[in-house]
Amino acid sequence: MDQATKEAVISNYRLHEGDTGSAEVQVALLTERIRELSRHFTEHKHDNTGRRGLLMLVGQRRRLLRYLNDQDVSRYRDLISRLGLRK
């Protein structure tokens, strides 16, 4: 993920000016990285080391989403609808 993409994701999901570490921003950044890696694996099917990294990112995102759901359900529901998760 290049710097411009990362800044765009942060600006779309931050809660206030200067927010770079809230759960929403972290989940959005992880989702973007997961989508990039998923596209990578369509072409490189035998990259099993990278696939392990993808699974670790998915687990980290799942833990952050669980935390957000426990803290504030409305923020959780808003975030998953904005990211297009949980079909």
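## Basis and overall build

Buried means under 20% relative accessible area, exposed means over 50%, and partly exposed lies in between, using a 1.4 Å probe on protein chains only. Buried residues make up 31% of the 87 residues in the protein chain. This is a predicted model: local features need pLDDT of at least 70, side-chain atom pairs count only at pLDDT 80 or more, and totals for chains, interfaces and linings use all residues. Residues are numbered from 1 along each chain as its sequence is written, and side-chain values use heavy atoms, with hydrogens and water left out.

The protein chain has four helices and zero strands. Helices (H or I, at least four residues) and strands (E, at least two) are DSSP runs, numbered from the N terminus. The pattern along the sequence is α-α-α-α. Taken along the principal axes, the C-alpha atoms fill a box of roughly 40 × 30 × 20 Å. Contact means heavy atoms within 4.5 Å. Among contacts between residues at least 6 apart in sequence, 47% join residues at least 24 apart.

## Nonpolar core

A nonpolar core is a set of buried Ala, Val, Leu, Ile, Met, Phe, Trp, Tyr and Cys residues joined through side-chain atoms within 4.5 Å. The largest one has 21 residues. Tyr13, Val27, Leu65, Leu79 and Leu83 have the most contacts inside it. Helix 1 (3-13), helix 2 (23-43), helix 3 (48-71) and helix 4 (73-83) each supply at least two residues of this core. Helix 2 gives the largest share, eight residues. In soluble globular proteins, nonpolar side chains tend to be buried together.

Take Leu79. Leaving aside neighbours within four places in sequence, Leu79 is in contact with Tyr13, Glu24, Val27, Leu65 and Leu68.

## Helix 2

The expected span of a helix is 1.5 Å times one less than its number of residues.

Glu24 counts as buried because its relative accessibility is 6%. Its side chain makes a polar contact with the side chain of Arg75 (2.5 Å). A polar contact is a pair of N or O atoms within 3.5 Å; within protein, one must be able to donate a hydrogen and the other to accept it, and residues adjacent in sequence count only if both atoms are side-chain atoms. Thr31, at 1% relative accessibility, is buried too. Beyond residues up to four places away in sequence, Thr31 touches Arg61, Leu83 and Leu85.

Thr42 lies in helix 2 as well, but counts as exposed because its relative accessibility is 55%. Thr42 and Arg82 are 40 residues apart in sequence and 25 Å apart in space, C-alpha to C-alpha.

## Helix 3

The 24 residues of helix 3 should span 34 Å; the end C-alpha atoms are 35 Å apart, which agrees. Asp47 caps the N-terminal end, with a side-chain oxygen 3.1 Å from the backbone nitrogen of Gly50. Buried residues of helix 3 include Leu54, Gly59, Arg61 and Leu68. Helix 2 and helix 4 are among what covers the buried residues of helix 3.
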